[in-house]
Amino acid sequence: IAIGLANDHGDCRTLQRSNNTWQFISSVRSAPAASYSTHLTWPMSGKGPGQKGDTTGPGADPRELAWFSPAMEERRNEQVWSISGSDPGTAGKEEYIYLSMLIRSRTDSGSYRVVHMDIEPALMLSELIRRSSLANTVILSDQGQPLIPLDTSAINTAWKSELALWQVGRT
């Protein structure tokens, strides 16, 4: 899970969760002779000191990632959804859903920026279920039918009622 901001020069700042730590990564590409990334990590609990990591090469160019171009192409000033798979180096990894939006400069000469949120559905659902005994997950087809059979408890009755209402609203 991550949130970040990138500009049309390839500079990017990202806050992301990685296992039990938060990572803040700042990548600079706008000065080609001095492109770099700096990393800062700290425990998710917030207890304990953060650690400044190594300064490395700038990493993946955000302008080449699945969330950047669709946001730049959006002309109605709305958010854009995209999925991983077209990103370099994502083969065989967990799928991500991206939400991104173009932020236009207030001046004609200013750079464009794209804010993005990266969501890992499998991790999000497993954390939701792990943290709440009241959570239930139902995966629906395009027609609103459960892809996994519902159990026979009271939740089944409630879901059938809600699915019927949802299907009526789609027609």
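Guide: Arg-29 and Asp-61 are both buried. Buried means under 20% relative accessible area, exposed means over 50%, and partly exposed lies in between (1.4 Å probe, protein chains only). This is a predicted model, in which local features need pLDDT of at least 70 and side-chain atom pairs count only at pLDDT 80 or more, while totals for chains, interfaces and linings use all residues. Residues are numbered from 1 along each chain as its sequence is written, and side-chain values use heavy atoms, with hydrogens and water left out.

Arg-29 and Asp-61 form a salt bridge, with their closest N and O atoms 3.9 Å apart. The term requires a side-chain nitrogen of Lys or Arg within 4 Å of a carboxyl oxygen of Asp or Glu. This pair links distant parts of the chain, 32 residues apart. Arg-29 sits in the loop between strand 3 (21–28) and strand 4 (36–43). Asp-61 sits in the loop between strand 5 (51–56) and helix 1. Helices (H or I, at least four residues) and strands (E, at least two) are DSSP runs, numbered from the N terminus.

Asp-61 also forms a salt bridge with Arg-63. There the closest N and O atoms are 2.7 Å apart. Asp-61 has a relative accessible area of 12%, so it counts as buried. Arg-63 is at 33%, so it is partly exposed.

The structure holds three salt bridges. One of them joins Glu-74 and Arg-76, at 3.1 Å from N to O. Glu-74 counts as buried because its relative accessibility is 12%. Arg-76 counts as exposed because its value is 59%.

Next comes Asn-77. It lies in the loop between helix 1 (68–73) and strand 6 (80–83). Most residues other than glycine have a negative phi. Asn-77 has a relative accessible area of 47%, so it is partly exposed.

Now the rings. The structure holds two aromatic pairs. Trp-67 and Phe-68 have ring centres 5.9 Å apart and planes at 65°, so they are edge-to-face. Tyr-96 and Tyr-98 have centres 6.3 Å apart and planes at 5°, so they are stacked. Rings of Phe, Tyr and Trp (its six-membered ring) pair if their centres lie within 6.5 Å; planes under 30 degrees apart count as stacked, over 60 as edge-to-face and the rest as tilted. Trp-67 and Phe-68 are both buried.
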